[in-house]
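Student: Could you walk me through this structure, starting with its pockets?
Tutor: Gladly; have a look at it here, and then we can go through a few places together.

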Amino acid sequence: MRAIRRTRYGGPEVLTVEETVEAPLEPDRVRLSVRAASLNPFEWHHQRGLPLLMRPSSGWRAPRDRGLGVDVAGVVAEVGDEVEGFAVGDEVFGIARGALAERADARAELLAIKPPTTTFEEAAAVPLAGLTALQALRDQGRMREGFSVLVLGASGGVGHYAVQLARSLGASRIVGSCSARNRDLVLSLGADTVLDYARGEVEALEERFDVILDIAGGARVSFLRHRLNPGGTVVLVGGPGDGLLLGPAARIFGGILASRFQPERVVGVDARMNGHDLRTVADMLAAGQLRSMLHRRVPLEETAQALAEVEAGHVPGKIVVVP
């Protein structure tokens, strides 16, 4: 099979498409014929091996796992001996190691049946970004019906799901920030108002919210704390961060630490890969409460260039790779 491989950390030049031999299938895993995979900041961080905080698990000098990618949608090609609930031919989506390939293996509990009304490309875009948005709002943000929500970075991979999820969870008002060119997209997803961050409309904001989801990372945490209603929460998801040691985590840790001495609540989110939440997202896809906005589709050979675009930022929706 063909797969994206790397033997060292670095820029797009370290990624190659290689013919590889599949290892024997582990008994608790499912082998997929990959129909689509999607790109996240997760991939370019692992491509570069940055921040250094991640290297104890990924490999200090070089990546332990030569593959790349986690988001996947495809058809079950083989089922491990210990797996129940899946059969050859099932159309599924979820999390798989080395998803940027023609075939990939996944733990059975990290897969869900793909709704028939959702394409493989749309399903592949969901897992990591969708779970991050869901857990940021519901768990860390303690989202409840009637809450007002501000989503900073509302047109991006996590943000465009967060707007829709906030609406599905019963938000009374949703304000999103993005560039002017993505305004109509964010409104179509369910936002009541859209702020153009390039024109300083976020900094001029005086409205207060019950939950603020900061994905873009451009606003000061102290400013966001003062835009909360009593009992509200700022959830720091990501954003810029060039530090070699901590990267974006430095801002998140700093915001959380500072909040210990303030009445407002500031938390971070690190998506947990679990089947229960994946099935929740699958149900929402099937019900039409959630949809994926695809920026573009690329073949496996163009993964490196597409990942460089994700790293540069400001990609609306998701880029999917079709082997």
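This is a predicted model: local features need pLDDT of at least 70, side-chain atom pairs count only at pLDDT 80 or more; totals for chains, interfaces and linings use all residues.

Student: How many residues line the second largest pocket, and which lie nearest its centre?

Tutor: The lining is made up of 18 residues, and the ones that lie nearest the centre of this pocket are Met-1, Arg-5, Ala-23, Arg-97 and Asp-105.

Student: And how does that lining divide into nonpolar, polar and charged?

Tutor: Nine of the lining residues are charged, six are nonpolar and three are polar.

Student: Which strand gives the largest share of the lining?

Tutor: That is strand E6, which spans residues 103–107 and supplies three residues to the lining of this pocket.

Student: Switching to rings, how many aromatic pairs are there?

Tutor: The structure holds zero aromatic pairs, although the ring of Phe-120 does have the charged end of Lys-114 sitting over it, 4.8 Å from the ring centre.

Student: OK, now Arg-297: where is it found?

Tutor: Arg-297 belongs to strand E14, which covers residues 294–299.

Student: Why does Arg-297 count as exposed?

Tutor: Its relative accessibility is 51%, and Arg-297 counts as exposed because the cut-off for that word is over 50%.

Student: What is Arg-297 in contact with, leaving aside its neighbours within four places in sequence?

Tutor: With those neighbours set aside, Arg-297 is in contact with Glu-121, Val-320 and Val-322.

Student: How far apart are Arg-297 and Arg-2?

Tutor: In sequence they are 295 residues apart, while in space they are 18 Å apart, taken from C-alpha to C-alpha.

Methods. Residues are numbered from 1 along each chain as its sequence is written. Side-chain values use heavy atoms; hydrogens and water are left out. On a 1 Å grid over the protein atoms alone, a cavity is a set of points where a 1.4 Å probe fits but cannot get out, and a pocket is an open set with protein on both sides within 12 Å along at least five of seven lines; lining residues have an atom within 4 Å of a point. Helices (H or I, at least four residues) and strands (E, at least two) are DSSP runs, numbered from the N terminus. Ala, Val, Leu, Ile, Met, Phe, Trp, Tyr, Cys and Pro count as nonpolar, Asp, Glu, Lys and Arg as charged, and the others, Gly among them, as polar. Rings of Phe, Tyr and Trp (its six-membered ring) pair if their centres lie within 6.5 Å; planes under 30 degrees apart count as stacked, over 60 as edge-to-face and the rest as tilted. A charge sits over a ring if NZ of Lys or CZ of Arg is within 6 Å of the ring centre and within 35 degrees of the ring normal. Buried means under 20% relative accessible area, exposed over 50%, partly exposed in between (1.4 Å probe, protein chains only). Contact means heavy atoms within 4.5 Å.
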